[in-house]
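User: I am new to reading protein models. Can you take me through this one in short steps?

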Amino acid sequence: MSKYGKQILIAAAMLVSMGSTMAGEIVVVVNPQNPATAMTAAQASQFFLGKSAMFTPVDQSENAPIRAEFYKKAAEKDLSEVKSIWSKLVFTGKGTAPKEVHSNAEVKKAVAANPTGIGYIDKSAVDATVKVVTTLP
């Protein structure tokens, strides 16, 4: 394969891997029975950064593009900063990292099964099993 062909394949692979979240909006969702109706991105990020235990966060897998995009938009942090925060909290016994799942469907299932559950998914995956409390810009 030519050098040019390899470059096209690499570019195409990068676009495919980014496409799942770049194409849609990210929403923060809670259990439908949760009394919360709205929150800011900053408020939502508090649960995912161990600053509040009011909700039980459900995180997407570490290598999922939506995870990096969520933390960038909601908390203005990259994944290495988030990992550092949780390492300190876990090491000092002040927190337990969020449960990690591998898809929008798994986030919805975990949030729907827990009245205090909170997660983030692509807006196109929203259904009646979860309630949207914020949409990230």
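User: Are phenylalanine 47 and phenylalanine 55 buried or exposed?
Analyst: This is a predicted model. A residue counts as buried under 20% relative accessible area. By that test, phenylalanine 47 and phenylalanine 55 are both buried.

User: What kind of aromatic pair do the rings of phenylalanine 47 and phenylalanine 55 form?
Analyst: The search of the whole structure gives seven aromatic pairs. In the pair of phenylalanine 47 and phenylalanine 55, the ring centres are 4.5 Å apart. Planes over 60 degrees apart count as edge-to-face. The planes here stand at 75°, so the pair is edge-to-face.

User: How many residues apart in sequence are the parts tied together by phenylalanine 48 and tyrosine 71?
Analyst: The rings of phenylalanine 48 and tyrosine 71 have centres 6.5 Å apart and planes at 85°, so this pair is edge-to-face. Phenylalanine 48 is buried, and tyrosine 71 is buried too. Phenylalanine 48 sits in helix H2 (residues 41-48) and tyrosine 71 in helix H3 (residues 65-75), so the pair ties together parts that lie apart in sequence by 23 residues.

User: Which residues do ring pairs link into a cluster?
Analyst: Start from phenylalanine 48 and tyrosine 71, whose rings pair edge-to-face. Ring pairs extend this into a cluster, and its members are Phe48, Phe70, Tyr71 and Tyr120.

User: Which residues of H3 are buried?
Analyst: H3 lies across S1, strand S2 (56-60), S3 and strand S4 (117-122). Its direction is at about 110° to S4. The buried residues of H3 are Ile66, Arg67, Glu69, Phe70, Tyr71, Ala74 and Ala75.

User: Which residue just after H3 takes a positive phi?
Analyst: Look at the position just after H3. There, a positive phi of about 55° belongs to glutamate 76.

User: With which residues is serine 45 in contact, leaving aside its neighbours within four places in sequence?
Analyst: Serine 45 belongs to helix H2. Its relative accessibility is 4%, so it counts as buried. Leaving aside neighbours within four places in sequence, its contacts are Ala74 and Ala75.

User: What is the order of the strands in the open sheet?
Analyst: The sheet has five strands with mixed pairing. Strand S3 (99-101) and strand S5 (131-135) are the edge strands, since each pairs on one side only. From one strand to the next, the twist averages 30°. The order is S3-S2-S4-S1-S5.

User: Which residue in S5 is the bridge partner of valine 28?
Analyst: Strands of a sheet pair through backbone hydrogen bonds, parallel or antiparallel. S1 and S5 run antiparallel, joined by four bridges. The partner of valine 28 in S5 is threonine 134.

User: How far apart are the C-alpha atoms of isoleucine 26 and proline 137?
Analyst: Isoleucine 26 lies in strand S1 (residues 26-30), and it is buried with a relative accessible area of 0%. Beyond its neighbours within four places in sequence, its contacts include Phe70, Tyr120 and Leu136. Proline 137 is 111 residues from isoleucine 26 along the chain, yet their C-alpha atoms are separated by 8.0 Å.

User: At about what angle to S4 does helix H5 run?
Analyst: Helix H5 covers residues 104-112. It lies across S1, S2, S3 and S4. Its angle to S4 is about 155°.

User: Which element gives the most residues to the lining of the largest pocket?
Analyst: The largest pocket holds about 230 Å³ of space. Its lining has 17 residues, and those closest to the centre are Phe47, Phe55, Pro57, Trp86 and Thr96. With three residues, the element that gives the most is S2.

User: Which residues does asparagine 34 contact, leaving aside its neighbours within four places in sequence?
Analyst: Asparagine 34 is in the loop between S1 and H2. At 7% relative accessibility, it counts as buried. Leaving aside neighbours within four places in sequence, its contacts are Phe55, Pro115, Thr116 and Lys131.

User: What pattern does the chain follow, read along the sequence?
Analyst: The chain has five helices and five strands. Of its 137 residues, 37% count as buried. Read along the sequence, the pattern is α-β-α-β-α-α-β-α-β-β.

Notes
Residues are numbered from 1 along each chain as its sequence is written. This is a predicted model: local features need pLDDT of at least 70, side-chain atom pairs count only at pLDDT 80 or more; totals for chains, interfaces and linings use all residues. Side-chain values use heavy atoms; hydrogens and water are left out. Rings of Phe, Tyr and Trp (its six-membered ring) pair if their centres lie within 6.5 Å; planes under 30 degrees apart count as stacked, over 60 as edge-to-face and the rest as tilted. Buried means under 20% relative accessible area, exposed over 50%, partly exposed in between (1.4 Å probe, protein chains only). Helices (H or I, at least four residues) and strands (E, at least two) are DSSP runs, numbered from the N terminus. Contact means heavy atoms within 4.5 Å. Two strands pair if DSSP finds at least two bridges between them. Axes are lines fitted to C-alpha atoms, for helices over the stretch in contact, and angles run from 0 to 180 degrees between N-to-C directions. On a 1 Å grid over the protein atoms alone, a cavity is a set of points where a 1.4 Å probe fits but cannot get out, and a pocket is an open set with protein on both sides within 12 Å along at least five of seven lines; lining residues have an atom within 4 Å of a point. Grid points are joined across faces, edges and corners, and a volume is the space filled by probe spheres set on the points.
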